[in-house]
Amino acid sequence: MATATLTLLRSSVVKKAIMGLTGLGLSGFVLAHMTGNLLIFKGAQAYNTYGHQLTHNPAYPLIAIGLLALMGIHFVCGITLTWENKRARTQGYAVDAADQKAASLASRTMAGTGSILAVFIVLHLITFKYGTLYTITHDGVEMRDLHRLVIEVFQSPVYVAWYCFSLALLGFHLKHGFAAAFQSIGFGHPKWSAHIKCLAVVYALIVALGFISQPLYVYLVHR
Amino acid sequence: MTKLDAKIPSGELSQKWSNRKFENKLVNPANRRKHKIIVVGTGLAGASAAASLGEMGYHVDALTIHDSARRAHSIAAQGGINAAKNYKNDGDSVYRLFYDTVKGGDYRSREANVHRLAELSGNIIDQCVAQGVPFARDYGGLLDNRSFGGAQVSRTFYARGQTGQQLLLGAYAALMRQVENKNVRMLPRREMLDLVVIDGKARGVVARNLLTGEIESYEADAVLLCTGGYGNVFYLSTNAKNSNATAAWRCHKRGAYFANPCYTQIHPTCIPVSGDHQSKLTLMSESLRNDGRVWVPKQKGDKRPANEIPEQDRDYYLERIYPSFGNLVPRDVASRNAKKVCDEGLGVGESGLAVYLDFSDAIKRDGEDTIRAKYGNLFQMYEKITAENPYKLPMRIFPAVHYTMGGLWVDYNLMSTIPGLFVLGEANFSDHGANRLGASALMQGLADGYFVAPYSVGNYIGATKMEKVDTNHEAFKTAAAESIGLNDKMIAAKGSQTVDQIHRKLGKIMWDKCGMARNKEGLEEALREIPKLKEEFKNDLAVPGDGSDINQELEKAWRLGDFLELGELMCRDALNREESCGGHFREEHQTPENEALRDDENYCYVAAWEHKGEGQAQELHKEELKFENVKLTQRSYK
Amino acid sequence: MNLTLKVWRQKSDKDKGRFVEYKLNDVSPDVSFLEMLDVLNQDIIHQGHDPIAFDHDCREGICGSCSMVINGSAHGPDKATTTCQLHMRRFKDGEVIHVEPFRAKAFPIHKDLMVDRSAFDRIQQAGGYVSVNTGNAPDANAIPVSKEYSDMAFDAAACIGCGACVASCKNASAMLFVSAKVSHLSLLPQGAPEKHERVLKMVAQMDKEGFGNCTVTGACEAACPKEITLENIARMNREFLGGFAVKRK
């Protein structure tokens with residue numbers, strides 16, 4: 001029984017469902033992250049206080065570990081699937097399908113965009129999470145001055161460009177991933193699928209533009 | 001001349017099948033495991049027989065020339081399958097289906113066989129529905145029916161325009177289940193090249209592995225031939241490109257009589273030939289005649305586009321001549337009338353070899369959406385091939401070779417003149433007489449496979465003492481060597497004509513002289529021309545490559561070799577039958593209204609031909625047809 | 001019209017294979033793609049060479065034998081069309097056309113454009129049936145089936161098993177094929193009793209055959225000559241996950 005269950009767990013449908021579920025979890029996370037980032041427009045105090053409260057929430061370690069696990073599983077599962085997919089076709093075609101029979105670019109490049117995003121996340125954590133630790137006191141509470149770090153980092157046009165590029169890529173990844181996740185967990189219906197696709201585009205645009213607004217704002221306004 | 005014993009059971013017509021089932025010897029379930037059966041061909045008849053025999057516990061070897069059993073040409077049947085369910089409450093019954101089929105076959109079929117077919121028709125629908133065949137349903141969730149030619153009741157069950165595929169997928173799924181259960185061994189991409197007869201009984205086959213070129217031998221206690229018809233003799237037909245008569249013909253050469261080879265069905269509604277390179281013809285389902293009206297212009301040479309020809313200048317000739325059946329006359333009648341109006345110069349289209357099938361009235365009455373729901377895929381297919389929109393312009397159609405009623409002679413138990421060789425489906429001759437009604441081929445294939453063969457084969461095995469044989473037997477070696485020799489000769493000819501070139505020539509001879517209308521002069525001419533063509537085939541054939549590998553040209557070559565011989569026999573049979581009946585129309589024998597004129601006095605028999613050796617004329621045997629229930633009359637659809 | 005054909009020629013699965021160029025003159029726009037290949041093959045035979053091997057049979061779009069990728073698209077550029085229904089009027093004079101076999105590890109090449117699709121049969125054997133022996137059926141009208149479900153089942157059952165979904169998927173995934181088979185039977189009351197067992201077994205066999213996974217690119221749906229939709233894949237996923245959850249052993 002155990003082996004049978006294990007085989008089933010390893011099946012492509014389950015792996016895809018895991019991709020979908022972890023993907024949806026991460027989608028929720030990036031939306032929340034992006035919303036928090038928007039506090040940059042309100043000022044340093046709001047920005048830093050939000051960060052402070054978040055990291056000092058008793059559930060924070062749990063959430064952090066959960067997120068890490070989501071990313072880890074999404075990543076490992078993605079690598080496995082990609083590896084299997086490569087093996088399923090060892091020789092490609094001389095010409096690509098065109099016009100009405102071509103698949104969308106976003107859907108064809110999920111593994112590529114995902115890999116770049118993985119690199120981006122690591123660098124992002126190094127830059128900010130584990131970056132220079134400035135402190136500041138707001139309303140008598142000493143806390144990390146993340147605002148200062150952000151302003152510092154985004155003075156560099158290279159950083160701004162890298163962020164804009166990666167976050168646009170994130171939007172691209174989400175546009176397909178968000179809709180496909182529903183399909184992978186078994187939610188596909190002629191009446192709703194088109195709406196989900198629309199929602200995915202709107203959602204991806206909001207997340208990507210919301211994220212990109214921060215480096216751009218910092219670079220252009222906080223000189 | 002030997003007397004052919006059809007082994008028709010005793011008793012009342014409606015009791016015959018029950019009586020036979022009771023008389024039959026049985027094989028107990030534990031013993032069935034000890035018997036092996038070969039099924040050649042996995043279309044409706046083959047797949048259903050192999051699956052049913054597997055379910056019963058026999059070991060079955062199923063050979064198919066295709067890569068998968070699902071690709072057999074039964075898949076292409078469009079319109080539907082008849083069954084006397086009387087779900088429409090319009091007066092249908094087993095007896096009426098029996099009667100319509102005998103009459104539709106122009107009184108040249110065996111009453112007992114046809115009655116059994118009608119009796120079993122209902123069970124087929126039950127079985128298919130249970131397998132998950134998605135037949136059309138009405139809004140109440142019950143099965144829907146439509147009408148087909150030659151009947152005044154609605155008894156045709158259908159699954160949009162692909163009833164054949166859905167039924168075959170049902171039988172194929174049942175077959176795959178038996179493969180999984182290890183009762184059936186699938187042998188795909190194998191073509192049977194010879195029947196092995198030992199002690200007068202069919203004991204196995206030799207087949208070519210189409211991928212490796214190897215000649216393989218398989219032994220069994222009974223062989224079921226389910227290899228379809230021989231319409232491809234005509235080169236252009238609605239049959240699939242790989243449909244062929246080789247297995248049946250090679251059995252004929254081993255002693256199985258070939259019955260009524262001249263009975264060919266020319267289907268009235270096909271897309272007309274468009275050019276020289278055409279490789280096959282495409283059928284438009286007969287169901288279209290439910291709503292489409294057939295017409296030609298009244299004036300010769302009227303070159304106006306169809307939609308500019310006013311109502312009073314159109315001749316709806318089927319409705320005019322046959323007011324009670326109208327556009328739903330049987331196929332032979334519809335085809336012949338199409339040919340007649342075209343011969344009179346009234347044909348339409350560039351070649352003048354087409355008539356209109358017009359849906360504009362139906363679209364006006366029911367709306368385009370309703371017509372689309374009913375026939376959408378057929379209309380789409382038509383548009384793809386002709387680049388014309390049939391919702392706007394009437395379809396152009398012309399008759400084409402579609403089905404062969406003739407085939408290997410079988411008795412009531414579907415056994416050929418070789419004991420142990422059973423023949424099912426289109427490959428046999430038994431149920432359709434001289435003309436098959438629409439939606440009856442699927443019915444016959446499945447009746448034979450699901451419900452007749454399991455009883456008949458069991459009876460044969462139960463009643464026959466058989467020595468054990470294996471494939472080391474001399475007979476297997478001889479058959480294999482002969483097949484290899486035959487193939488080697490074709491490869492060695494190294495001539496200048498390809499198989500297709502010679503096949504097209506044969507097709508032209510057959511279509512012109514043994515097609516929709518035949519006459520003595522033409523048939524005699526054909527019988528002079530075909531032997532010449534056989535010589536060309538022997539000496540001037542170009543088959544590239546060798547026999548050790550995939551060689552599609554070689555496959556085509558051996559099939560053509562057999563078609564040439566079969567074509568000759570068809571002409572001989574047509575010449576012998578000095579009457580017109582169903583699909584066999586001899587111009588010398590017609591009524592003043594140009595209808596087929598039978599000669600019941602002299603030709604109320606099945607012509608069964610016996611092979612007498614290479615290069616010799618076959619010998620004719622007659623099975624007298626006795627009609628005890630149906631009165632022979634001039635068929636009238638007026 | 002004049003055309004340049006680049007056709008994949010490969011002697012067997014072991015051989016390496018390459019494109020061979022053929023020039024065709026005066027091709028009639030009214031012939032089908034396969035008839036165009038017939039004409040080419042006649043020329044090749046007359047020149048004493050080995051003609052191009054390709055699978056074909058019914059030539060009316062239902063047997064599912066055609067297995068060619070034409071200019072990168074399975075069954076060529078048109079939607080809802082098999083190669084045998086594709087006509088040369090669809091191409092431009094002077095066009096260069098690449099013709100390749102369906103490519104997937106699970107579809108080894110037999111020769112030239114002929115591939116081995118027996119994996120589909122094995123998937124079907126794993127559970128693509130209703131377990132009903134001949135003679136066991138109740139009356140056909142004993143169980144009403146709603147027209148909506150019957151039509152949905154038909155839409156899925158229209159699959160001709162050609163493998164264009166596998167050929168066109170960048171991952172060579174067979175999800176569309178398997179889901180069509182699963183949906184056809186599970187949507188009908190006759191197939192419902194076995195629906196969990198069926199989907200679990202068929203997916204397991206699919207994985208075993210070495211097909212890739214679904215990335216929901218929709219290339220399969222676009223290539224499918226019978227317009228089988230992605231909805232079927234969602235249904236299969238749903239039923240698989242449900243079956244996985246409730247199955248007792």
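Here are some exercises on the chains of this structure, each with a worked solution.

**Before you start**

This is a predicted model, in which local features need pLDDT of at least 70 and side-chain atom pairs count only at pLDDT 80 or more, while totals for chains, interfaces and linings use all residues. Residues are numbered from 1 along each chain as its sequence is written, chains are lettered from A and ligands numbered from 1 in the order in which they are written, and side-chain values use heavy atoms, with hydrogens and water left out.

**Exercise 1. Which chains touch?**

Task: Find which pair of chains has the most contacts.

Solution: 
- Step 1. Take the rule for contact: heavy atoms within 4.5 Å.
- Step 2. Look at chains A and B: they do not touch, and their nearest C-alpha atoms are 17 Å apart.
- Step 3. Among the two pairs of chains that touch, B and C have the most contacts.

**Exercise 2. The interface of chains B and C**

Task: Describe what chain B and chain C bury between them, and find the salt bridges across their interface.

Solution: 
- Step 1. Apply the salt-bridge rule, which asks for a side-chain nitrogen of Lys or Arg within 4 Å of a carboxyl oxygen of Asp or Glu. Six salt bridges are found here. One to look up is Lys280(B) with Glu60(C), whose closest N and O atoms are 2.7 Å apart.

**Exercise 3. The interface of chains C and A**

Task: Work out how many salt bridges and how many residue pairs in polar contact the rules find between chain C and chain A.

Solution: 
- Step 1. The contact takes 52 residues of chain C and 40 of chain A.
- Step 2. About 3600 Å² is buried between the two chains, 57% of it on carbon and sulfur atoms.
- Step 3. The salt-bridge count is zero, but 21 residue pairs are in polar contact, both residues at pLDDT 80 or more.
- Step 4. On the side of chain C that touches chain A, helix 8 of chain C gives the most, with eight residues.
- Step 5. By class, this side of chain C holds 28 nonpolar, 14 polar and 10 charged residues.

**Exercise 4. Two domains in chain C**

Task: Locate the domains of chain C and the salt bridge between them.

Solution: 
- Step 1. Domain 1 covers 3-111 and domain 2 covers 117-248 of chain C, with bounds from an automatic or database domain assignment.
- Step 2. Their centres, taken over C-alpha atoms, are 29 Å apart.
- Step 3. The two domains bury about 1400 Å², and carbon and sulfur atoms give 64% of this.
- Step 4. In domain 1, Ala80(C), Ala106(C) and Phe107(C) lose the most area to domain 2, together 34% of what that side buries.
- Step 5. One salt bridge is counted between the domains. Asp55(C) and Arg117(C) form a salt bridge with closest N and O atoms 3.9 Å apart.

**Exercise 5. A sheet in chain C**

Task: Explain why strand 2 and strand 4 of chain C each have one side without a neighbour in the sheet.

Solution: 
- Step 1. Two strands pair if DSSP finds at least two bridges between them.
- Step 2. The order in this open sheet of five strands is 2-1-5-3-4, with mixed pairing.
- Step 3. Strand 2 (18-24) and strand 4 (73-74) stand at the edges with a single partner strand each, so one side of each has no neighbour in the sheet.
- Step 4. Now check a pair: strand 1 (residues 3-9) and strand 5 (residues 96-101) of chain C run parallel and are joined by four bridges. Leu5(C) has Ile97(C) in strand 5 as its bridge partner.

Technical notes. Buried area is the accessible area (1.4 Å probe) that two parts lose on being put together, summed over both. Helices (H or I, at least four residues) and strands (E, at least two) are DSSP runs, numbered from the N terminus. A polar contact is a pair of N or O atoms within 3.5 Å; within protein, one must be able to donate a hydrogen and the other to accept it, and residues adjacent in sequence count only if both atoms are side-chain atoms. Ala, Val, Leu, Ile, Met, Phe, Trp, Tyr, Cys and Pro count as nonpolar, Asp, Glu, Lys and Arg as charged, and the others, Gly among them, as polar.
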